[in-house]
Amino acid sequence: MNNHNLFDLTDRIAIITGGGGLLASEHAIALNSFGAKVILTDNNIEKCNSAIAYLKDNNVAAIARFCDVTSKDSWEKLLDEVIKEYGKIDILINNAGFTNQSKSKNFDASFEDFPLEDWNAIMDVNLTGTFLGCQTIGKQMLLQGKGSIINISSLYGVVSPNHKIYPGTGIFQPVAYSVSKHGVISLTKYLATLWAEKGIKVNSITPGGIFNGHEGLFLERFKQLNPIGRMSEKTELQGAIVYLASDASSYVIGHNLIVDGGWTAW
Ligand SMILES: NC(=O)c1ccc[n+]([C@@H]2O[C@H](COP(=O)([O-])OP(=O)(O)OC[C@H]3O[C@@H](n4cnc5c(N)ncnc54)[C@H](O)[C@@H]3O)[C@@H](O)[C@H]2O)c1
């Protein structure tokens, strides 16, 4: 193989969940610019359609499909639609999540009063949704004998949130978010080792804090605590996405690629 083609994704078919959120469009731009055809999915189809319009403005062609990641039926329906249309699935990015932007009902509750309802809701989307995606789309990849699954974890799936930076900022990091994201890394390793010999690569990416208009106390504290001295731009995961999606990472199995500006390095 010519080394310049290591990252080539021409005609690879990619599904991205949580398509209406902050980061999915950036994953789509990354994959599409190396040749992949992208299907953006979300349970909020209006948000997903807005993302498609944003991508179109950036000369990226992608299509929107409904998928509620917490529903096995929804995943099966998506699988059917994509297989009818494209005949295969090469890349799955399990990116949907309840986050500070897409909150569960009581996302901001303290640990002591954290409702079971929110614990379950966050686990359902962040962890069970990733499990169902791996199961449904992974089964198709096994038939093909090839595929790459990228599960999006978080800084707080590797280390605990630093509880001292949040008071007074209006930002919260609930227990279920951290626990679910630790689970995503564990699920990734379990599957990566189960399917390594079958041609399916399963890896995860751990993004650090992505800048989304943050200001004031939170931003100042975050910058102080991060070796690189700033938050991540939303475009700064693109290299990691292309690397893990492409054959450049053909021997990378069960890896958690941390893209955090050094947060976990000291
Ligand atoms: N933004 C960050 O700073 C950051 C940092 C670390 C990790 N991450 C992770 O990256 C991923 C993307 O983050 P983001 O900032 O784009 O989040 P976001 O909140 O902007 O978008 C999440 C998307 O997931 C969708 N979603 C929620 N429930 C769903 C369901 N049941 N089925 C399908 N879709 C559903 C929402 O509608 C939303 O469009 C998340 O998994 C998040 O935990 C983000």
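## Residues with positive phi

Asparagine 59 counts as exposed because 9 C-beta neighbours lie inside 10 Å; by definition a residue is exposed with 12 or fewer other C-beta atoms within 10 Å of its own, buried with 20 or more, and partly exposed in between, the C-beta atoms being placed from the backbone. The structure is a predicted model, in which local features need pLDDT of at least 70, side-chain atom pairs count only at pLDDT 80 or more, and totals for chains, interfaces and linings use all residues. Residues are numbered from 1 along each chain as its sequence is written.

Asparagine 59 belongs to the loop between α2 (45–57) and β3 (62–66); helices (H or I, at least four residues) and strands (E, at least two) are DSSP runs numbered from the N terminus. Its phi is near 60 degrees, a positive value in a residue other than glycine. Aspartate 11 likewise has a positive phi, of about 65 degrees, although it is not a glycine. Aspartate 11 is found in the segment before β1 (13–16) and counts as exposed, with 11 C-beta neighbours inside 10 Å.

## Helix α2 and its packing on α1

The axes of helix α1 (residues 24–33) and α2 come within 10 Å and cross at roughly 40 degrees. Such axes are lines fitted to C-alpha atoms, for helices over the stretch in contact, and the angles run from 0 to 180 degrees between N-to-C directions. The two helices α1 and α2 are therefore oblique to each other; angles under 35 degrees count as roughly parallel, over 145 as roughly antiparallel, 65 to 115 as roughly perpendicular, and the rest as oblique. The contact involves Ala24, Ser25, Ala28 and Ile29 of α1 together with Ala51, Tyr54 and Leu55 of α2, contact meaning C-beta atoms, placed from the backbone, within 7 Å. By class, this contact has 6 nonpolar, 1 polar and no charged residues. Here Ala, Val, Leu, Ile, Met, Phe, Trp, Tyr, Cys and Pro count as nonpolar, Asp, Glu, Lys and Arg as charged, and the others, Gly among them, as polar.

Lysine 47 also lies in helix α2. With 18 C-beta neighbours inside 10 Å, lysine 47 counts as partly exposed. Leaving aside residues up to four places away in sequence, lysine 47 touches Gly20 and Asp42. Lysine 47 and serine 33 are 14 residues apart in sequence and 22 Å apart in space, C-alpha to C-alpha.

Helix α3 (residues 72–86) and helix α4 (residues 116–144) have axes that come within 10 Å and cross at roughly 30 degrees, which makes α3 roughly parallel to α4. In this contact, Lys72, Trp75, Glu76, Leu79 and Ile83 of α3 meet Leu132, Gly133, Thr136, Ile137 and Gln140 of α4. These residues divide into 5 nonpolar, 3 polar and 2 charged.

Helix α4 also packs with helix α5 (residues 175–195), at an angle of about 15 degrees and with the axes 9 Å apart; α4 is therefore roughly parallel to α5. The contributors from α4 include Trp119, Ile122 and Phe131, and those from α5 include Tyr177, Leu187 and Trp195. The residues of this contact divide into 12 nonpolar, 5 polar and 2 charged.

## Ligand shell

The ligand is surrounded by 30 residues, the closest being Gly18, Gly20, Gly21, Gly97 and Ser102; a residue is near the molecule if its C-beta atom, placed from the backbone, lies within 6 Å of it. The shell comprises 12 nonpolar, 15 polar and 3 charged residues.

Methods:
Contact = placed C-beta atoms within 7 Å.
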